Amino acid sequence: MLLADLGADVIKVEHPTMGDDTRAWGPPHAHGEATYFLSVNRNKRSVALDLRDDADRRRAVELARRADVLFENFRPGTMPKYGLGYDEVRAANPKIVYCSITGFGAGRGADLPGYDLLIQAVGGLMSVTGPAPGQPVKTGVALVDVLTGLHAAIGVLAALRHREVSGEGQHIEVNLLSTLLSSLVNQAAGYTLAGQVPGILGNRHPSIAPYEVFQAKDRPLVIAVGNDRQFAALCRGIGAPQLAEDPRFATNGDRVAHIDELTRELAGLLATRTAAEWFEHLTPLGVPCGPVNDLAQAFDLADRLGLAPRAVIHSDEGPPTDLVANPISLSRTPPRYERRPPRLGEHTTEIADWLDS
């Protein structure tokens, strides 16, 4: 979808009767369609093909022959069965950029099913996420799926650039587990470099303090202090400048070492005002802070900041589709929002006529 937003003509190949699994992932629904599916399928055309049918398979092969980029997320070994593996497609289309997305790679993990929740568990993300030790929690969205899609898009862009220079296509492989391990960044590096296996810290940060959630008078408030200057400003802002001079809290390392004492000192003071009041008071002082918003409040904030967070697609065939805007702003080639998410097989005849011409 991101590539389609940026100008690519994306053709989504789906099974004629079942379609994309996410079409059935609801509630919630909007106008009879799962919002899960709608969220990631704008600007695409849908063609319904059964790869077990000879005529449909020939069309799929011809589609791959004409394509610049092919994405597939079957289990390894599935595409070659239909004459659509990388080697087969490359023979007919040497410049193809072919991207395979799997759960655990094409080697010894080839037969393992790749679902986001499963990867969050076995990949370590849940081991550092939750309210307390022994209480692992998944993230509120399919974060690993999203990160893997982003890495796949980056790989495709790099391969297209290489092809532009050399004329050569190539095979890109991205898997959910490797993506998650890479995305654990500082937590993963703490293990690979120092042998430290992190655990669950709730809303605290392993290396920065204060960098967590506090309870304001009315609702939760985040304080995200990243350096000593910001900490001193925080202490002045809450009427406790002496805390910045306390040897226990003088540097970030000191604060991390005495996090429980620091939290107790700050918690009582921050509970005296509402989260909005602290936001208005501390932000001008250079203290990173803000209330824990729900999604309605988050969209309202983005609107107030002029970030235009919505992309509304109008259609003659139904009500407008109100989606989240692409976050990339480009001065010459901005994202486009031309097609609502397609209905199953909506463009099959159109694309078949093109392939048969």
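**Second largest pocket**

I looked up which helices line the second largest pocket: helix H7 (143-166), helix H8 (176-183) and helix H9 (185-194) each give at least two residues to its lining. Helices here are DSSP runs of H or I with at least four residues, strands are E runs of at least two, and both are numbered from the N terminus. The model is a predicted one, in which local features need pLDDT of at least 70 and side-chain atom pairs pLDDT 80 or more, while totals for chains, interfaces and linings take in all residues. Residues count from 1 along each chain as its sequence is written, and side-chain values rest on heavy atoms, without hydrogens or water.

I noted a space of about 330 Å³ for the second largest pocket. Its lining has 17 residues, and Leu 125, Val 128, Thr 129, Gln 187 and Arg 204 are the closest to its centre. A pocket is an open set of points on a 1 Å grid over the protein atoms alone, where a 1.4 Å probe fits, with protein on both sides within 12 Å along at least five of seven lines; a cavity is a set from which the probe cannot get out, and lining residues have an atom within 4 Å of a point. Volume is the space filled by probe spheres set on the points, which are joined across faces, edges and corners.

I sorted the pocket lining by type and got nine nonpolar residues, seven polar and one charged. Nonpolar covers Ala, Val, Leu, Ile, Met, Phe, Trp, Tyr, Cys and Pro; charged covers Asp, Glu, Lys and Arg; the others, including Gly, are polar.

**H7 against H8**

At what angle do H7 and H8 pack? I found about 95°, with the axes 9 Å apart. H7 is therefore roughly perpendicular to H8 (65 to 115 degrees counts as such). Axes are lines fitted to C-alpha atoms, for helices over the stretch in contact, and angles run from 0 to 180 degrees between N-to-C directions. From H7, Val 144, Asp 145, Leu 147, Thr 148 and His 151 meet Leu 176, Thr 179, Leu 180, Ser 182 and Ser 183 of H8; contact means heavy atoms within 4.5 Å. The residues of this contact are four nonpolar, five polar and one charged.

**Sheet E5-E6-E7**

I followed H8 to a sheet, where H8 lies across E6 and E7 at about 70° to E7. This open sheet has three strands in the order E5-E6-E7, paired in parallel. Strand E5 (69-72) and strand E7 (170-175) each have a single partner strand, so one side of each lacks a neighbour in the sheet. E5 and strand E6 (residues 97-102) pair over four bridges; two strands pair if DSSP finds at least two bridges between them. Glu 72 has Ser 100 in E6 as its bridge partner.

**Sheet E8-E9-E10**

I then took the antiparallel open sheet of three strands, in the order E8-E9-E10. Its edges are strand E8 (211-215) and strand E10 (289-291). E8 pairs with strand E9 (residues 220-224) over five bridges, and Glu 212 has Ile 223 in E9 as its bridge partner. Helix H12 (residues 259-270) lies across E8 and E9, at about 40° to E8. Helix H13 (residues 275-282) packs on the sheet and touches E9 and E10, with its direction at about 155° to that of E10.

**Largest cavity**

How many cavities of 30 Å³ or more does the structure hold? I found one, and the largest cavity has a volume of about 40 Å³. Its lining is Val 47, Leu 49, Arg 59, Leu 63, Thr 348, Ile 351, Ala 352 and Leu 355. Helix H3 (54-66) and helix H15 (348-356) are the elements that supply two or more of these residues, and H15 gives the most, four.

Definitions and conventions: Parallel < 35°, antiparallel > 145°, perpendicular 65-115°, else oblique.
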